[in-house]
Amino acid sequence: VQYFTLHGTGLVEHVETHYGNVHCIMTGTPKANLPVLLTFHDVGLNHKSCFDPLFIHEDMQEIIRHLPVCHIEAPGQHEGAKTLHDEYSYPSMDQLSEAVPAVLKHFGLCRVIGLGVGAGAYILAKFALNHPDMVDGLVLININASAEGLMGSVASKLTGWTHTLPETVIPHLFGKDEIDTNHDLIATYRHHITTTMNQANVSQFLRSYHSRNALEVERPVPGGSINVRTLKCSTLLIVGDNSPAVEAVVDCNSKLDPTKTTLLKMADCGGLPQVDQPAKVIEALKYFIQGMGYLSSASMTRLRSRTASGSSVSSFDGSRSRAHTNELQRARTHSRGAEEKRGRSHTDSMECSSNSDQIASKSNQVAC
């Protein structure tokens with residue numbers, strides 16, 4: 001069973017940063033009035049194994065026809081990477097987030113919609129906290145905003161001493177039920193980690209992730225301080241209900257601004273939603289991007305949303321309902337208004353203005 005395949009690579013470059021060279025793949029042509037879809041992978045993966053099931057899916061072509069894509073791979077994590085030199089100090093998660101602006105500058109990019117998984121989600125969230133003017137939106141899969149903690153750090157070291165690297169990484173990517181039942185999927189990714197990735201380099205990336213600090217975010221309180229540190233952009237959190245990251249994602253959601261954050265918990269889905277159910281992730285991604293005023297012509301199918309516990313928790317359903325129609329009409333109305341707004345602000349967009357008025361209205365609902 002093949003779960004990921006090679007797709008068109010586009011422009012491939014090693015971009016020099018203060019924290020080492022990062023491998024980047026740029027596809028499409030950047031446009032002054034549109035953001036770039038920026039991806040960052042999880043531990044044990046690269047841009048192909050993490051995102052190919054998503055980007056080769058036919059439904060995704062509608063998005064990438066409109067938005068260029070830039071994939072970032074952490075130092076030493078690309079296919080065929082040589083073992084990093086002994087004197088090289090692997091960057092921390094915070095340092096990797098500070099390497100992102102160098103990539104954007106290299107390719108002449110002004111604004112992005114971030115798409116990160118696991119460690120990559122943490123890195124892009126940190127980047128957005130420090131550079132909010134460069135981020136229109138974030139789609140974060142399996143994000144863990146907490147530090148590893150002393151017990152977790154000790155357990156990770158013990159596991160590293162007693163297990164091979166694939167046996168350490170696989171439980172990070174997949175839940176126990178998935179490991180026990182979906183043998184083809186697990187075998188595919190174990191083989192990928194063993195034969196495609198440079199395991200010495202992956203071990204360094206894994207140690208960096210396990211040594212991360214907690215994201216310093218706090219849920220704004222009505223009438224409270226306006227200087228609360230939180231993500232300023234529209235944010236979509238995604239996790240499969242069988243993922244080992246469920247609790248971490250729910251906890252992260254509780255710390256973010258509920259007016260800008262949507263939590264999508266996908267039913268009957270494993271540790272990597274973009275691999276397990278790419279069509280549903282793409283559907284949510286379309287609504288999310290459309291809510292910011294882009295992709296107004298994108299086709300929408302079956303996504304129903306409900307609100308729970310003060311924030312949006314969405315689930316998919318095959319039925320069409322009145323709520324479906326109403327939500328779709330609202331999403332289209334938001335998009336038309338945002339397009340008109342961007343038309344008036346076109347000159348500012350050409351100059352890479354970070355004026356928040358250029359960004360479409362921030363809906364905390366995934367439509368339909």
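So, the lining of the largest pocket: by class we get six nonpolar, ten polar and five charged residues. Keep in mind that this is a predicted model, so please hear everything I say as a description of that model.

How much space lies in that largest pocket? About 410 Å³. There are 21 residues lining the pocket, and the closest to its centre are Asn144, Pro171, His172, Tyr209 and Pro244. If you've got the structure up on your screen, go and find those five. As for elements, the ones that give two or more residues to this lining are helix H5, which is 150–162, then H6, H9, and helix H10, which is 246–255. And which of them gives the most? That would be H6, with five residues.

Okay, let's stay with H6 for a bit. H6 covers residues 165–173, and it packs with helix H9, residues 199–210, at an angle of about 45 degrees, the axes being 11 Å apart. The two helices are therefore oblique to each other, and H6 passes H9 in a left-handed crossing. On the H6 side, the contact is made by Leu165, Pro166, Thr168, Val169 and His172, and on the H9 side by Gln199, Val202, Ser203, Leu206 and Tyr209. Sorted by class, that's six nonpolar, four polar and no charged residues.

Who makes the contact? From H6 it's Leu165, Pro166, Val169 and Ile170, and from H8 it's Ile186, Tyr189, Arg190, Ile193 and Thr194. Those divide into seven nonpolar, one polar and one charged.

Right, let's move to another part of the chain. Helix H3, residues 93–107, and helix H4, residues 119–130, have axes that come within 8 Å and cross at roughly 70 degrees. That makes H3 and H4 roughly perpendicular to each other, and H3 passes H4 in a right-handed crossing. H3 brings Met93, Asp94, Leu96, Ser97, Glu98, Val100, Pro101 and Leu104 to the contact, while H4 brings Ala119, Tyr122, Ile123, Lys126, Phe127 and Asn130. In terms of class, we have nine nonpolar, two polar and three charged.

How many cavities of 30 Å³ or more does a search of the whole structure find? One. The largest cavity holds about 30 Å³ of space, and its lining is made of Val22, Phe40, Ile72, Leu96, Ala99, Val100 and Val103. H3 gives the most here, with four residues. Leu96 and Val100 line that cavity, and they're also part of the contact with H4.

Last thing, and it's one to look at on screen: the classes. The cavity lining has seven nonpolar, no polar and no charged residues.

Conventions: Residues numbered from 1 in each chain as written. Predicted model: local features only at pLDDT ≥ 70, side-chain atom pairs only at ≥ 80, totals over all residues. Heavy atoms only, no water. Axes fitted to C-alpha atoms, helices over the stretch in contact; angles between N-to-C directions. Parallel < 35°, antiparallel > 145°, perpendicular 65-115°, else oblique. Left-handed = near helix turned anticlockwise from the far one by under 90°. Contact = heavy atoms within 4.5 Å. Nonpolar A, V, L, I, M, F, W, Y, C, P; charged D, E, K, R; others polar. 1 Å grid on protein atoms, 1.4 Å probe; cavity = no way out; pocket = protein on both sides within 12 Å on 5 of 7 lines; lining within 4 Å. Points joined across faces, edges and corners; volume = space filled by probe spheres on them.
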